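Thanks for coming. I will go through one structure today, starting with a helix pair and ending with the charged side chains.

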Amino acid sequence: MIFDAARTAALELLSPPFRSVFIKTLGLTLLALVALWFGLTSLVEWLALPWLQTLLPGIPSWAGWLGGLIAAIALAFGMALLVAPVTAVIAGLFLDDVAEVVERTGYPGDPAGRAMPALRSLVLAIKFFGVVILGNIVALLLLLVPGINIAAFFIVNGYLLGREFFEFAAMRFRPEEDARALRRRYAGTVFLSGLVIAAFLAVPLLNLLTPLFAAAMMVHLHKAVSARESGPSRTRLSLQRKRKPRPSSSSGSTMNSACPE
């Protein structure tokens with residue numbers, strides 16, 4: 001179930017219906033990252049360099065150039081860490097578009113989900129941003145602990161991303177409390193799906209598409225879980241129908257028994 005959902009979602013990212021969402025998300029993400037780069041660079045030049053010259057007034061010119069190079073490397077490293085959160089915010093605004101495409105193309109006979117209001121979608125995007133930031137901060141702190149650094153990244157991100165994206169897919173069809181209850185009942189499945197998303201997040205460049213992939217995957221997973229949830233009730237209903245005597249047969253038997261030979 002998990003790998004079927006992941007494979008289908010990965011293939012759908014390359015399909016024409018996803019192209020417009022992909023282009024909008026990628027374009028806005030790149031614009032946001034460029035703006036963020038220039039903003040951070042200007043901030044360093046405005047604050048850090050004058051402070052350094054004041055602290056060390058006799059600093060030679062080559063030392064200033066070296067300090068600028070170190071600052072640029074530090075900024076590049078910081079930007080690499082911000083790629084996933086920025087993408088989460090931008091793509092969070094288009095998650096309903098992704099879910100709608102998946103539901104329309106993959107499940108044309110099912111009722112369509114409800115799109116979230118614009119304000120709720122913005123809150124969810126900010127929430128995704130916070131989740132990714134928190135997950136990566138915890139993972140970075142655990143990098144200092146030998147032996148569990150890589151595992152920490154996958155466990156933290158797998159849990160948080162799996163939880164948030166599954167609840168997003170479920171809330172298109174259920175109230176928020178029901179979506180959370182469903183996620184708790186299938187906590188192991190949701191966590192394993194989150195690990196797949198974390199693996200996608202760990203691949204450079206592909207991590208720009210992580211929110212789109214995660215949203216599509218969790219729509220498929222929610223559909224599979226919903227089918228499993230309704231399976232037992234359908235089976236019980238079928239058995240009740242089989243056990244219930246038919247009124248026509250019963251009345252027919254009574255009439256036959258009442259007729260004289």
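**Helix packing and salt bridges**

Let me start where Ile2, Phe3 and Ala6 of α1 meet Thr189, Leu192, Ser193 and Val196 of α8; contact here means heavy atoms within 4.5 Å. This is a predicted model, in which local features need pLDDT of at least 70 and side-chain atom pairs count only at pLDDT 80 or more, while totals for chains, interfaces and linings use all residues. Residues are numbered from 1 along each chain as its sequence is written, and side-chain values use heavy atoms, with hydrogens and water left out.

Two packed helices are described by the angle between their axes and the distance between the axes. For α1 (residues 2-12) and α8 (residues 187-201), the angle is about 35° and the axes are 10 Å apart. The axes are lines fitted to C-alpha atoms, for helices over the stretch in contact, with angles from 0 to 180 degrees between N-to-C directions.

Ser193, in helix α8, has 0% relative accessibility and counts as buried. Buried means under 20% relative accessible area, exposed over 50%, and partly exposed in between, with a 1.4 Å probe and protein chains only. Leaving aside residues up to four places away in sequence, Ser193 touches Ile2, Met217, Met218 and Leu221.

Now the whole protein. It has 10 helices and 0 strands; these are DSSP runs, H or I of at least four residues for helices and E of at least two for strands, numbered from the N terminus. Of its 261 residues, 36% are buried.

On to the charges. How many salt bridges does a search of the whole structure find? The count is 12, a salt bridge being a side-chain nitrogen of Lys or Arg within 4 Å of a carboxyl oxygen of Asp or Glu.

One of them joins Glu103 and Arg172, at 2.9 Å from N to O. Glu103 lies in helix α4 and Arg172 in the loop between α6 (149-171) and α7 (176-185), so the pair ties together parts 69 residues apart in sequence. Glu103 is buried at 5% relative accessibility, and Arg172 is buried at 3%.

Another salt bridge pairs Glu167 with Arg183, whose closest N and O atoms are 2.9 Å apart. Glu167 sits in helix α6 and Arg183 in helix α7, 16 residues apart. Both Glu167 and Arg183 are buried. Through shared partners, salt bridges join Glu167, Glu176, Glu177, Arg180 and Arg183 into one network.
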